[in-house]
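Subject: Handover of a structure

Hello,

I am handing this structure over to you. Please open it first; my notes follow below.

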Amino acid sequence: MKRLNSTENVVKILFLLRDENKAMGLTEITKKTTISKSTVYNILNTLIHYNLIKKDEDSKKYSLGISILSLSSVVIDSLDIRNISKPYMQLLAKKTKSTVTLGIRNDDKFTFIERIDGVRNVRFFCDIGKDVKLFKGAASKAYFANLPYEKQLKVYGVDELDKYIDEIQEIRKIGYSTSNEEVDKGVIAFGAPIFDYKNEVVSALAIANIVGVLSEDKLKSNIEELIDTAKQISKDLGSDNDL
């Protein structure tokens, strides 16, 4: 497999700073990576721009930046959530006969990281790896509605967010969201938030089915199962939030 030298140089520098676990000067980094000083200097400046590396102006030494932590935490959190959630999702799909999806935030979008098909195998947009706009679709709505207001404002301006305020407040009040053919024609879905040990929303779960297939009583029962499952996953993540 062909490797890109420029990419490999970046990786070498990041791994060196990780392994040494200390701030290092330009000359030391150059010597230990065997990369030319000018190349190391340019790479470090680029990484500083993205907060992946920080430079102490007094010592002129470099160390890993805060964005490395945010990147690693996203990966770890998503893997933990996926692994913890999957058995619950399988049971939920069996109980509700619905397709079950799980997603996490990805910048200004919501990305699906797991999916369990129900008995009807509803085919719709939300496959693993697909993105939807925040506050579009059941799971995305459940996640976004439970973000703090100031974080919601970073996604939508005041005027646009005001359009969703009533629905956001209703979702927070009843504990779940509804998407009736908003993303896929003929598909109705319900979403519930998942919280972590800091009682902050980190993910959301949704169940989807074909419109008109289930009775009102069955829909109500499925929503209760959905909320209960989201609470169980949240508890496994360390949350004591009662939604």
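A residue counts as buried when its relative accessible area is under 20%. By that cut-off, eight of the eight residues of helix H5 are buried, so H5 is largely enclosed by the rest of the structure. Please keep in mind that this is a predicted model.

Helix H5 and its neighbour

Helix H5 covers residues 138-145. Its buried residues are Ala 138, Ala 139, Ser 140, Lys 141, Ala 142, Tyr 143, Phe 144 and Ala 145. Helix H8, residues 165-174, comes within 9 Å of H5, axis to axis, and the two cross at roughly 85°.

Which residues meet where H5 and H8 touch? On the H5 side they are Lys 141, Ala 142, Phe 144 and Ala 145. On the H8 side they are Glu 167, Ile 168, Ile 171 and Arg 172. Sorted by class, this contact has five nonpolar residues, three charged residues and no polar ones.

Two of the residues in that contact, Glu 167 and Lys 141, also form a salt bridge through their side chains, at 2.5 Å from N to O. This pair links distant parts of the chain, with Glu 167 in H8 and Lys 141 in H5, 26 residues apart. Is Lys 141 buried or exposed? At 2% relative accessibility, Lys 141 counts as buried. Glu 167 is partly exposed, at 31%.

Helix H8 also holds Gln 169. In contrast to Lys 141, which is buried, Gln 169 is exposed, with a relative accessible area of 52%; the cut-off for exposed is over 50%. From the C-alpha atom of Gln 169 to that of Lys 235 the separation is 23 Å, and the two residues are 66 apart along the chain.

Other salt bridges

How many salt bridges does a search of the whole structure find? The search finds eleven. The bridge between Glu 167 and Lys 141 has been described above; here are some others.

Glu 225 and Lys 95 meet through their side chains at 3.7 Å, N to O. This pair too links distant parts of the chain: Glu 225 is in helix H9 (residues 216-236) and Lys 95 is in helix H4 (residues 66-96), 130 residues apart. Glu 225 is partly exposed, with a relative accessible area of 24%. Lys 95 is also partly exposed, at 41%.

Asp 19 and Arg 18 form a salt bridge as well, at 2.8 Å from N to O. Asp 19 is exposed at 53% relative accessibility, and Arg 18 is partly exposed at 47%.

Strand E7 and its two partners

Strand E7 runs over residues 187-195 and is mostly covered, with nine of its nine residues buried. Both of its faces are covered. One side carries Val 187, Ala 189, Gly 191, Pro 193 and Phe 195, and the other carries Ile 188, Phe 190, Ala 192 and Ile 194; all of these are buried.

E7 pairs with strand E6 (residues 177-180) in the antiparallel sense, over four bridges. Within this pairing, Asn 180 has Ile 188 of E7 as its bridge partner. E6 and E7 form a hairpin with six residues between the strands, and Glu 181 there takes a positive phi near 60°.

E7 is also joined to strand E8 (residues 201-210), by nine bridges, and these two strands run antiparallel. Opposite Phe 195 stands Val 201 in E8. The hairpin of E7 and E8 has five residues between the strands; in its turn, Asn 199 has a positive phi of about 60°.

A residue in helix H1

The last item is Asn 9, which lies in helix H1 (residues 5-20). What does Asn 9 touch, leaving aside residues up to four places away in sequence? Asn 9 touches Ile 35, Thr 39 and Ile 43. At 16% relative accessibility, Asn 9 counts as buried.

Regards

Conventions. Residues are numbered from 1 along each chain as its sequence is written. This is a predicted model: local features need pLDDT of at least 70, side-chain atom pairs count only at pLDDT 80 or more; totals for chains, interfaces and linings use all residues. Side-chain values use heavy atoms; hydrogens and water are left out. Axes are lines fitted to C-alpha atoms, for helices over the stretch in contact, and angles run from 0 to 180 degrees between N-to-C directions. Contact means heavy atoms within 4.5 Å. Ala, Val, Leu, Ile, Met, Phe, Trp, Tyr, Cys and Pro count as nonpolar, Asp, Glu, Lys and Arg as charged, and the others, Gly among them, as polar. Buried means under 20% relative accessible area, exposed over 50%, partly exposed in between (1.4 Å probe, protein chains only). A salt bridge is a side-chain nitrogen of Lys or Arg within 4 Å of a carboxyl oxygen of Asp or Glu. Two strands pair if DSSP finds at least two bridges between them.
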